[in-house]
Amino acid sequence: MALIFTLMPKLKLSFPSRFTSETVFDTATYIGFLIFVLALPFGYSTVFLNIGLSLVLIGWVGRIVSERKLGWQRTPLDIPIALFFGLALIACLLAPHPATSSFGYFWKLLRAILLFYAVIHSRLGARWRHIVIAFIAVAGISSALGLWYYANDTRLAIDFMGRVGLQFQEELEAGEHPNLRISDELRTELRACSVPLSESASVTPSKQPNEWRINDPARQRRYVIRPNETHLMVYMIEQRLTGTFKMPNDLGAYLALSLPFVMGYFVASWQRDTKQKRPIWRILLLGTVVVLMSANLVLTLTRAAWVSVSIAIVCLGVYFIVIALRKLLETRYRGTSEAPVYRLWKPILFGSVVIIVLLSLSLFLVPQHIKARFQTMIEHPIGFMGERPQWWQTSLELIQKYPLTGIGLGRFRYEYQTSGPPEQYNVPYHAHNIYLHIAVEHGIPSLLLFLWMVVIIWQQIFAGRPASGFWGIGTFIGASGFIVSALVYGLADNILHQRTVLLFWFIIGIIFYLKPTKDKKHEKTSETG
């Protein structure tokens with residue numbers, strides 16, 4: 001909460017004294033955005049997420065009806081988005097097996113794009129900053145909860161191994177007492193589930209009711225057993241944090257997109273005017289949020305997120321150092337002045353050095369399982385990427401078979417089961433690569449449209465280079481890191497599904513809301529306060 005009061009010293013969550021239909025609908029949109037960002041990092045809060053999105057839609061549509069005009073804000077993304085939607089619909093209708101196509105995936109994509117346009121058309125004024133502050137604050141809260149869960153050995157990823165009979169429940173309950181050996185019968189049942197236990201394995205109490213844990217220190221394995229109506233379900237515990245999400249990869253995807261965005265405001269907080277002191281409390285609070293989010297990122301063991309965030313930081317560091325050097329030469333020889341955003345090269349350089357030092361020290365301080373995970377990125381042992389190579393190979397084969405209209409939205413799992421290799425351990429819902437996934441389900445033309453949209457987004461971000469002040473500079477740096485990290489992370493996973501697709505288009509909406517594109521015939525400007 002301290003972050004909120006620090007970043008919003010003049011914030012008054014007051015409502016208009018004179019209520020009109022327009023102010024009521026604008027307030028509904030504002031409250032909807034707040035509920036949405038507060039529910040976004042909590043994987044079990046789908047109801048609140050949908051309530052927030054519904055309020056945003058009600059406010060937007062209600063204002064249009066009340067004013068009796070559309071008031072459309074044109075953006076360079078309008079044409080590629082319309083074509084992308086049209087091809088997505090065609091891909092569903094012309095799918096090889098239309099009955100297995102999921103229009104639910106089409107609706108999720110439509111919902112995310114509508115969120116983008118809702119941000120563009122909102123009349124938040126300066127209140128857009130409140131939305132960003134709420135976004136940063138809840139990211140810090142959810143990350144703090146994630147560390148608390150990890151410290152208490154809860155909310156870790158689990159992998160289903162198999163089932164054993166209910167007759168072993170009494171043995172497990174008795175096995176919670178020390179010096180009681182696991183029976184040979186239970187060991188045999190577990191071995192059939194690919195759970196071989198060493199002699200030192202033992203049953204330990206669990207902090208959760210109706211579940212039992214088996215620790216096997218000799219094999220460095222831990223298992224949890226949970227009852228259902230007919231069997232005891234056996235899961236292997238992975239030392240991967242899920243935090244406030246359902247899966248570690250979901251948390252990793254959220255952090256891969258949001259952490260660079262938050263870092264932008266942290267870097268911008270180091271800027272100070274000549275007449276003002278550096279805002280120490282803002283730096284400390286934003287730095288705390290960045291540290292908490294970074295710790296969660298490490299504990300997810302999501303290597304794609306590690307790489308994407310690291311590349312985003314390196315790219316931003318190199319970019320600002322090069323620009324600062326160029327500006328320094330121009331200032332010395334031509335007498336030109338520096339733009340405010342370029343004055344941050346010192347804190348960026350300092351921050352990059354600090355991050356490198358901390359990462360180097362962490363190699364000696366982090367737990368062994370994190371070191372082992374990191375080592376796989378260097379040594380590339382056989383199978384370190386799991387089944388991704390096979391998923392990508394099958395995707396390429398499907399693209400060759402259906403190059404124009406794809407296989408239809410939501411049909412990758414079905415086609416992989418029918419066209420994939422005979423032996424399939426994990427059957428994925430997507431190709432674990434956004435570029436391949438778009439090409440395989442939507443068709444190659446849709447992939448080209450997506451790349452066109454990426455170029456436009458880059459142009460819009462770079463249009464914010466002359467920005468000044470904490471909010472302008474922070475948005476430019478954060479948006480730059482966000483798009484780099486998102487595109488890199490998309491090489492090994494899919495960011496265009498579940499909550500990450502909403503987060504992706506929400507941040508893009510903020511980018512376009514702050515720097516609206518001006519069309520020659522229909523010049524529009526958004527109210528930014």
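The model is predicted, so to speak of local features takes a pLDDT of at least 70, and side-chain atom pairs count only at pLDDT 80 or more, while totals for chains, interfaces and linings use all residues. Residues are numbered from 1 along each chain as its sequence is written, and side-chain values use heavy atoms, with hydrogens and water left out.

Let's start with the patch. L89, I90, L93, L94 and F103 form a nonpolar patch on the surface, and together they have about 450 Å² of accessible area (Shrake-Rupley method, 1.4 Å probe, with only the protein chains shown counting as cover for residues). To be in a patch, a residue needs over 30% relative accessible area and no salt bridge; nonpolar side chains (Val, Leu, Ile, Met, Phe, Trp, Tyr) are joined within 5 Å, like charges within 9 Å. A salt bridge here is a side-chain nitrogen of Lys or Arg within 4 Å of a carboxyl oxygen of Asp or Glu.

Helix α4 (residues 78-93) gives the patch its largest share, three residues. Helices are DSSP runs of H or I with at least four residues, strands are runs of E with at least two, and both are numbered from the N terminus. F103 sits in helix α5 (residues 103-121) and counts as partly exposed because its relative accessibility is 40% (buried is under 20%, exposed over 50%, partly exposed in between; 1.4 Å probe, protein chains only).

Now for the backbone. Most residues other than glycine have a negative phi. S194, not a glycine, has a positive phi of about 65 degrees. S194 lies in the loop between α8 (184-192) and β2 (202-204), and counts as exposed at 53% relative accessibility. Q498, also not a glycine, has a positive phi of about 50 degrees. Q498 lies in helix α19 (residues 498-514) and is partly exposed, at 44%.
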